Structure formats: C-alpha cells, structure tokens
Amino acid sequence: MIPFLDLRALNAPYDAEFQEKFKAFLEKGWFILGDEVRLFEEEFAAYCGTKHCIGTANGLDALRLILEGYKILGKLSEGDEVLVASNTYIATILGIRQAGLVPVLVEANLETYNFDFADLQMKVTVKTKVVMPTHLYGQLADMEAMSAFAKANNVLIVTDSAQSHGAKTSQGKRSGNLGDASGFSFYPTKNLGALGDGGAITTNDSALAEVVRSYRNYGFKERYVSAYEGLNSRLDEIQAAFLRIKLRDLDTSNTHRRAIATRYINEIKNPKITLPSWNGSEDHVFHLFVIRCKIRAHLCDYLKTNGVGTIIHYPVPPHQQAALKDYNNVSFPVTEQIHDEVVSIPLNPVMDDAMVSQVISILNSY
Ligand SMILES: Cc1ncc(COP(=O)(O)O)c(C=O)c1O
C-alpha cells in the first residue's frame, strides 16, 4: 500500500527534537507570541529573502490580513476588485471576500494551471486594484508577466504562496518575495507543515508589516490598546517552535520532491494520462503531483485496487460551490475540465525509490 501521504512518517524524523522542544516549552510556560514566533519570523523572512514575516493562525487569515492591512493604509477600499484564478483553492477567494473586496474570477490555462492571460487582460476594470496569483500545486506563476501586468494596470500583486514554500525563479528569488505581499499556510500537509494550523505573511513593505502585526493581535498598538478592529490570528508559539526545526530541511525535502517528479515525468508513459508541464527548474516544489485523465473515476478505482492512494485537488471549482452563490451562473470551461480530470498521485519526501517505481509501473500498466 502506498498512501497518498503519511503524516506520521513525515514527522517521525523529528520525533526526538519535537519532544525536547515540547519539554522546554512546558518548562518555560510562555505560550503566545514569544521567542519562538519571533525567531521563526526572522528565519522565514531570511529564507524567503524578505524584510518581514508575520506569523498568523492559518493561511486563509494571512491572505485576508494582507488585504485588510492595505485597506488601513488607504491603498484599498471596500468593494475594490481582486483578480484571482477560477481554479484556485477556495481559501484564496474567501480571504478576498472576508476582507470586503470583490473576487473577479479569471479563467485558467490548461498547461500552467494558472491565469489565462487573455482572460486576465479582459477582466480589468476601473475597480481592479489587486492581482492575486496562486502558485498552484507548488509551481510559480509567471511573475515576470505578472509584474508587467501589475505595472501597466497600476495594481498590487498579492501572491497566494500556500503551496509553494521554497520555489525559486531563475534569478534565485523565492516564493514570498515575488510581489507586494504573500500569504503562506503551514497546514500539516504543506511542504513546510506544522503539527496543527499556522500561516504567515511575507513582505518588503514595512508599513504593511507594521499594520498586519498589530491587526493579527486585536489591532493592539500596545497591550490592551487597540488601534484597529483586528483579529485574533496569531501563529502559536509551539507551532513556530516545530516549524523552526522543519525549516532547516525544507530545501532538502523540496529537492527530493523534484527528484520524484523528474522520475514520474520521464517514466510514466501512458497515453491516457496527461503529466504536468515543468521545465525542470526550481520554480516548482511539487507540493502536489497532479495528473489528468479523461476517465478519472475509473483510474482512481484502478489505483485504489492496486494500493495507491490518491486525492482530487479539487473536485468542485469555486464558482460551482454552494458557498459562492453569486458565481454559480457563470461558466469557466477550462477550469471545469481541470476539476473533472485532475487527480493527485503520491509525491512526498518519505517515498523511497521502490515506492516511486511501483507507482510508475502501476500507472504504466493502466
Ligand atoms: C492555495 C491555498 N490557499 C490558501 C490555503 C489556506 O490555508 P489554511 O488551510 O492554512 O487556512 C491553502 C491551504 O489550505 C491553499 O492550498
């Protein structure tokens, strides 16, 4: 049996260090916004190459807080439009709506799983103030094109980096440092995953950093004195401690992920299966290895029978979710095709060569 992802095995190498950290944590008795959060923020900012990192309770809040922060700074107002890919994870869209802004969905490109640029251009209005690419499945959006677009249309770039920890452009710039501000998630399955919920904002904008740092903590300017009507969305001290331990191995585990992806791309040969497009560079950290198949349900049954775990990311596009009724009567044919055909196969740093070979052989026999 090859599970889609075994979180117990993924965290097993850190067992002794986690136990030691937890013991020290109990002895110290400081549970909220202490040294571990401060040090993680410094270390993750240094890793991403940004001036600032602000820990949050989760990735959804990270995205929302960035937009709330820009509202406080007067760069955004209620009702402004945010361009977002129609095939993103629903949290991107919820973050925009919860900040009082309007998500404008943009059709996806079938090869990159990112924006269809022609549709992106068409969706610009006088109310467009932000473009919000998601580095979906771990692959960076075309940020050169995005920067040119943002400049031409005078809009902010906020990236949803929740699936792309460590991904790098050919100039060596990392995810989190490729726009005005970025939101990360440290949900346990992510490339950098906590043992519970967690998130962060990275930015080089010092004014934004100051506002969101306060906004995540009841808008406090100082203890019990609120400047803003903020949230309680703090990264937990214990999660920050665990994340600091795992951050050290992020590059190694991303390299391992790319090695598995390289084997899959070179060795899976089956005309019924479409593999991801990737140029072999470090712009992809393979949070997920997503294939497409016209007869997906049949393929999933076959993989299950042969002991290979799969997950669909995602089965229902945002515009067809009951939660987003305002969008239910529009159609995005490429996005709908993606949601009908995609399936994620196991790819994670605890897989050895034999497991990878087994997945390849089972897929080639389909
Ligand atoms: C692309 C994307 N955006 C946002 C999120 C939201 O993160 P969280 O679950 O930590 O709120 C996730 C992960 O769940 C995600 O994959």
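A backbone N or O atom of L60 lies 2.9 Å from an oxygen atom of the ligand. Taken alone, the ligand exposes 380 Å², and the protein buries 92% of that (Shrake-Rupley accessible areas, 1.4 Å probe; for residues, only the protein chains shown count as cover). This is a predicted model: local features need pLDDT of at least 70, side-chain atom pairs count only at pLDDT 80 or more, and totals for chains, interfaces and linings use all residues. Residues are numbered from 1 along each chain as its sequence is written, and side-chain values use heavy atoms, with hydrogens and water left out.

**Ligand shell**
- Of the 13 residues around the ligand, G59, D160, Q163, S185 and K190 come nearest (a residue is near if one of its heavy atoms lies within 4 Å).
- A polar backbone atom of G59 is 2.8 Å from an oxygen atom of the ligand.

**S185**
- A polar side-chain atom of S185 lies 2.7 Å from an oxygen atom of the ligand.
- S185 sits in strand 6, residues 181–185 (strands are DSSP E runs of at least two residues, numbered from the N terminus).
- S185 is buried, with a relative accessible area of 9% (buried is under 20%, exposed over 50%, partly exposed in between; 1.4 Å probe, protein chains only).
- S185 and G198 are 13 residues apart in sequence, yet 6.0 Å apart in space, C-alpha to C-alpha.

**F22**
- F22 belongs to helix 2, residues 15–28 (helices are DSSP H or I runs of at least four residues).
- F22 is partly exposed, at 38% relative accessible area.

Technical notes: A polar contact is a pair of N or O atoms within 3.5 Å; within protein, one must be able to donate a hydrogen and the other to accept it, and residues adjacent in sequence count only if both atoms are side-chain atoms.
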